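Student: Hey, can we look at how the helices sit against each other in this one? Please show me the model.

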Amino acid sequence: EPYRRQRQMCIRDRAMTVYQQAKTLILAGKYEREDMEYKLNRYKAAGRIAVEEYEELIALMDARELVD
């Protein structure tokens with residue numbers, strides 16, 4: 001049963017775009033700023049997220065820092 005649940009989660013996560021995954025993690029506060037920025041920069045450079053999506057995700061992290 002635990003294996004099946006993990007597999008279902010992996011399948012679901014693959015269906016989400018890189019942008020959706022990053023946004024979900026940021027909104028949940030489950031990220032380290034430096035690590036997330038590094039990944040977002042790599043995704044943007046590789047064309048896996050658009051510049052507008054990158055800017056939105058950075059702004060979300062900035063906003064979270066103001067609240068926390």
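Tutor: Helix H2 (residues 18-28) packs against H3 at an angle of about 165 degrees, and their axes are 12 Å apart. Helices here are DSSP runs of H or I with at least four residues, numbered from the N terminus. Axes are lines fitted to C-alpha atoms over the stretch in contact, and angles run from 0 to 180 degrees between N-to-C directions.

Student: Is H2 roughly parallel or antiparallel to H3?

Tutor: Roughly antiparallel, because of that angle; the word applies over 145 degrees.

Student: Which residues of H2 and H3 meet?

Tutor: Val18, Ala22, Leu25 and Ile26 in H2 meet Met36, Leu40 and Tyr43 in H3, where contact means heavy atoms within 4.5 Å. They divide into seven nonpolar, no polar and no charged. Ala, Val, Leu, Ile, Met, Phe, Trp, Tyr, Cys and Pro count as nonpolar, Asp, Glu, Lys and Arg as charged, and the others, Gly among them, as polar.

Student: Before we go on, where do these numbers come from?

Tutor: This is a predicted model: local features need pLDDT of at least 70, side-chain atom pairs count only at pLDDT 80 or more, and totals for chains, interfaces and linings use all residues. Residues are numbered from 1 along each chain as its sequence is written, and side-chain values use heavy atoms, leaving out hydrogens and water.

Student: OK, at what angle do H3 and H4 pack?

Tutor: About 170 degrees, for H3 (residues 33-45) and H4 (residues 51-67), with axes 10 Å apart. That makes H3 roughly antiparallel to H4.

Student: And what happens just after H3?

Tutor: Glycine 47 takes a positive phi of about 75 degrees there.

Definitions and conventions: Helix = DSSP H or I, 4+ residues; strand = E, 2+ residues; numbered from the N terminus. Parallel < 35°, antiparallel > 145°, perpendicular 65-115°, else oblique.
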